Amino acid sequence: MPSPRAPVPHPPGSAACGHETRGYARWAYVLAAIFTLAFAYDLLRLPVQVYDALGEILDASRSPSAGHSFVQSLGTAAYFRPLRIAQIKALFDLSGGQYWLVYRGFHVLLLALCLWLFTRALRVRSTTDLAAAAVALTVLTGMSTFRGTVLEAFPINHFLEVAVAALAALNLAQSRGGWWVDAAAAVVFAAAALTLESGLLVWVVAVSARAAGFRGISRGGLAVMTGLLAAYVAVRFLWLQTGAPGLSERSAGYFLSVLEPDELVRRFGDWPYPFYAYNVLASVSSVLFSEPRSGVFVGVRGWMQGEFPLLVVLALVSSVPTTLLVAWMLARSRRVRGAGNGVDTEPVAPLGLVAAAVIAGSAALSYAYTKDDIMSTAGVFYALAAFESLRRLLAYASTARTGVAVLTVIALLVCGSAWAIRSAGLHHVLRMQAFRHRGDWAVLPARLAAEGRPYETAEGAAIVRALRGEALAMPAPNPGSYARWAEDVWGD
Amino acid sequence: MGRLTRRDWVMGAAALPPALLVVTMLIWLALACTGAHPLWQVEPLTLPEAAARRDAGEVARLLEEGWDPNARYPVRSGFLTAEAVELTPIEAARAADRPEIELILEYAGATPVERQPDAEAP
């Protein structure tokens with residue numbers, strides 16, 4: 001039975017639906033395509049990485065099938081990610097020896113999907129929307145959390161997969177609904193949850209989107225998704241008794257430094273809750289203010305050491321005003337809703353509300369350790385909230401007093417430029433990453449020989465040779481040839 | 001042409017930074033079609049130059065291309081010293097303090113610096 005067909009909430013002042021508005025949407029897709037092509041070019045110059053990827057590929061080569069990989073990974077101690085391993089195996093089988101092409105090609109495909117779904121979720125219908133969409137794409141790709149979706153792949157970037165799944169859920173929620181929408185939402189949730197713990201955010205998106213006024217996924221659909229969530233919890237924690245990551249799993253950022261597992265256990269082993277609370281708050285802050293980075297307050301540390309890198313200045317100049325703008329819009333949204341003036345069922349900031357839920361959910365999932373990558377989906381939704389806020393600001397400033405308009409113009413130019421510089425910096429960081437990956441492959445055989453670790457099988461040796469050959473054949477610019485200012489402005 | 005309205009100024013201010021970024025990316029992509037993407041320009045290096053610049057990937061590639069890990073090759077000025085010099089790759093790696101490059105070179109058959117009778121690490 002089709003779900004109720006509620007109109008998609010859209011703030012007042014936007015152009016009405018119609019063929020004349022589709023032109024703006026088309027231009028937004030053109031912008032998204034340019035961003036995609038520019039990053040795809042960089043991604044296609046990146047070799048498959050050695051660390052956290054080669055081991056997975058060799059495991060895939062030893063597995064008889066994707067199904068076998070799925071079942072085998074059910075028994076791991078701290079993680080429940082069976083579809084992640086199965087996907088790696090499926091792509092391995094598909095590759096026919098062209099490992100780089102398949103894994104990196106899949107990465108580009110995911111990136112294209114992410115930017116397409118992001119742009120689609122914006123529902124661009126006017127020149128105001130188009131201007132805000134252009135800024136939103138810059139915010140999305142300029143955020144430090146977005147780096148995690150392109151810089152690494154294991155050999156698939158599962159953080160990007162989760163971001164795509166969350167955006168797919170939002171698009172489904174924005175649709176007119178129907179049984180297939182509910183079915184697709186359930187499938188997307190199941191696939192994301194079985195790939196990575198962050199996949200549970202798809203449920204958060206679906207629930208918060210409905211609360212915010214997007215009615216594409218029906219109550220029945222949400223009930224099915226909630227049932228799947230309950231099944232996930234039961235299977236993971238009761239049946240398989242898969243635990244959660246402990247303090248000894250990995251090092252983690254804490255205020256101004258990175259603590260090694262031994263140190264974490266020593267300081268928080270008896271009472272880990274302050275550390276968990278720090279991780280949750282640090283994760284939220286990393287999205288809203290671009291600080292800390294993976295738990296470490298890099299800017300504060302630099303300032304205490306007597307230096308304040310341009311990189312940090314750019315992050316603050318771009319993030320702080322944007323977050324203030326989003327907060328202003330959400331506060332205004334609450335006020336309008338609370339006024340009881342008939343718009344209670346159509347909040348003025350639906351994307352902002354969904355973003356708030358996703359950021360809170362992502363932060364909660366990061367309780368064990370905070371990492372920019374884990375917050376990448378939250379970053380995507382932050383950019384959606386920025387779009388919504390900016391659209392409202394543009395409409396407001398266009399009719400405001402001269403002083404307000406002038407201040408808005410200056411703020412837009414400064415803040416927008418900072419986001420654009422950050423977004424451009426991702427291209428620089430990607431070329432640096434290409435250099436690193438290539439170097440890792442170059443030294444691998446010598447390192448294994450020095451450590452007395454021969455390849456386990458002839459097939460494994462052949463895979464390493466093929467991947468290494470692919471990596472060495474991809475020239476990467478040497479950091480010694482970069483302009484000096486590049487690292488100051490864009491980091492590494 | 002009429003005067004710019006307040007709305008034009010606001011929209012223009014919002015759109016200008018991303019528009020400049022998009023134009024930049026289009027230029028990069030156009031240049032990439034001719035192999036001249038400004039961020040992906042690769043400078044040709046000799047084997048010891050690659051070693052001096054800790055470019056493990058390029059060292060490994062040149063070795064696979066057949067460069068002799070024990071031969072002396074020119075190193076341009078500015079890489080290690082103010083003047084151009086001739087060095088073996090492993091001397092250059094030692095001078096640049098790059099043990100992982102030395103590891104690659106020794107794995108490829110280079111004589112370690114310690115065993116070179118006439119070693120002249122700058």
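Analyst: Helix 4 of chain A, covering residues 82–95, packs against helix 9 of chain A, residues 179–195, at an angle of about 90° with the axes 5 Å apart. That angle makes helix 4 of chain A roughly perpendicular to helix 9 of chain A. Keep in mind that this is a predicted model. On the helix 4 side of chain A, the contact is made by P82(A), L83(A), R84(A) and Q87(A). Helix 9 of chain A answers with A191(A), L194(A) and T195(A). By type, the residues of this contact between helix 4 and helix 9 of chain A split into 4 nonpolar, 2 polar and 1 charged.

Now for another helix pair in chain A. Helix 13 (residues 273–289) and helix 16 (residues 350–365) of chain A have axes that come within 8 Å and cross at roughly 135°. So helix 13 of chain A counts as oblique to helix 16 of chain A: an angle over 145 degrees would be needed for roughly antiparallel. The crossing of helix 13 and helix 16 of chain A is right-handed. From helix 13 of chain A, the residues making the contact are V280(A), S283(A), V284(A), V287(A) and L288(A), while helix 16 of chain A brings I359(A), A363(A) and A364(A). Sorted by type, the contact of helix 13 with helix 16 of chain A has 7 nonpolar residues, 1 polar and no charged.

Still on helices, let's zoom in on one residue. L448(A) belongs to helix 18 of chain A, which runs over residues 402–450. With a relative accessible area of 12%, L448(A) is buried, because the cut-off for buried is under 20%. Setting aside neighbours within four places in sequence, L448(A) is in contact with R453(A) and Y455(A). L448(A) and V50(A) are 398 residues apart in sequence, and their C-alpha atoms are 13 Å apart in space.

On to the backbone. Most residues other than glycine have a negative phi, and most peptide bonds are trans. Against that background, the peptide bond from F154(A) to P155(A) is cis, with omega near -10°. P155(A) sits in the loop between helix 7 (144–150) and helix 8 (158–174) of chain A. The bond from E291(A) to P292(A) is cis too, with omega near -5°. You'll find P292(A) in the loop between helix 13 and helix 14 (298–304) of chain A.

As for positive phi, D52(A) isn't a glycine, yet its phi is near 65°. D52(A) lies in the loop between helix 1 (19–43) and helix 2 (54–62) of chain A, and it is exposed, with a relative accessible area of 55%. Over in chain B, D97(B) is not a glycine either and has a positive phi of about 60°. D97(B) is in the loop between helix 4 (89–95) and helix 5 (99–107) of chain B. Its relative accessible area is 59%, so D97(B) counts as exposed.

Last stop, the cysteines. There are 0 disulfides over all chains.

Conventions. Residues numbered from 1 in each chain as written. Chains lettered and ligands numbered in written order. Predicted model: local features only at pLDDT ≥ 70, side-chain atom pairs only at ≥ 80, totals over all residues. Heavy atoms only, no water. Axes fitted to C-alpha atoms, helices over the stretch in contact; angles between N-to-C directions. Helix = DSSP H or I, 4+ residues; strand = E, 2+ residues; numbered from the N terminus. Parallel < 35°, antiparallel > 145°, perpendicular 65-115°, else oblique. Left-handed = near helix turned anticlockwise from the far one by under 90°. Contact = heavy atoms within 4.5 Å. Nonpolar A, V, L, I, M, F, W, Y, C, P; charged D, E, K, R; others polar. Disulfide = S-S within 2.5 Å. Buried < 20%, exposed > 50% of the residue type's maximum accessible area, 1.4 Å probe, protein only.
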